[in-house]
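Please read its points alongside the sequence and the model.

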Amino acid sequence: MDRQKILNDLRRLANSKNNDAVKLAYFTQEDADRIDALDLRGLVELRRSGSGTVEIKLIDRLRALELLDRLSQKEESPELDAFLNGLREEEP
């Protein structure tokens with residue numbers, strides 16, 4: 001991953017809409033074929049209980065914007081470099 005890709009991904013996360021995550025919460029088994037068409041990049045976690053309770057956790061958009069702002073202002077960022085190095089170490 002390179003710096004520009006990280007910044008682009010952060011922009012996409014910060015601008016993601018949550019409509020599809022809410023739709024997913026109410027999908028039935030018959031709707032399973034429609035899941036691939038949903039934009040779920042902002043979805044962190046979804047739980048449905050047997051009683052019908054739904055819990056949706058979404059990305060913290062403000063935090064993504066703050067990180068994007070901080071990383072966009074610096075030509076070189078030790079934080080981003082450390083993050084990228086960690087990702088590279090995890091790659092097979």
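1. Arg-48 is partly exposed, at a relative accessible area of 48%; the term covers values between buried (under 20%) and exposed (over 50%), with a 1.4 Å probe and protein chains only. The residue belongs to strand β1, which spans residues 43-48; strands (E, at least two residues) and helices (H or I, at least four) are DSSP runs numbered from the N terminus.

2. This is a predicted model, in which local features need pLDDT of at least 70 and side-chain atom pairs count only at pLDDT 80 or more, while totals for chains, interfaces and linings use all residues. Residues are numbered from 1 along each chain as its sequence is written, and side-chain values use heavy atoms, without hydrogens and water.

3. The side chain of Arg-48 meets two backbone oxygens: that of Phe-27 at 2.7 Å, and that of Ala-25, which lies 2.8 Å from one of its polar atoms. Beyond neighbours within four places in sequence, Arg-48 has contacts (heavy atoms within 4.5 Å) with Leu-24, Ala-25, Tyr-26, Phe-27, Thr-53 and Val-54. Between the C-alpha atoms of Arg-48 and Tyr-26, 22 residues apart along the chain, the separation is 9.1 Å.

4. Ser-16 sits in the loop between α1 (3-14) and α2 (19-25). Is Ser-16 buried or exposed? Ser-16 is buried, with a relative accessible area of 2%. Apart from neighbours within four places in sequence, Ser-16 touches Arg-41, Gly-42, Ile-59 and Arg-61.

5. For the chain as a whole, 4 helices and 2 strands are present, in the order α-α-β-β-α-α. Of its 92 residues, 21% count as buried.

Definitions and conventions. A polar contact is a pair of N or O atoms within 3.5 Å; within protein, one must be able to donate a hydrogen and the other to accept it, and residues adjacent in sequence count only if both atoms are side-chain atoms.
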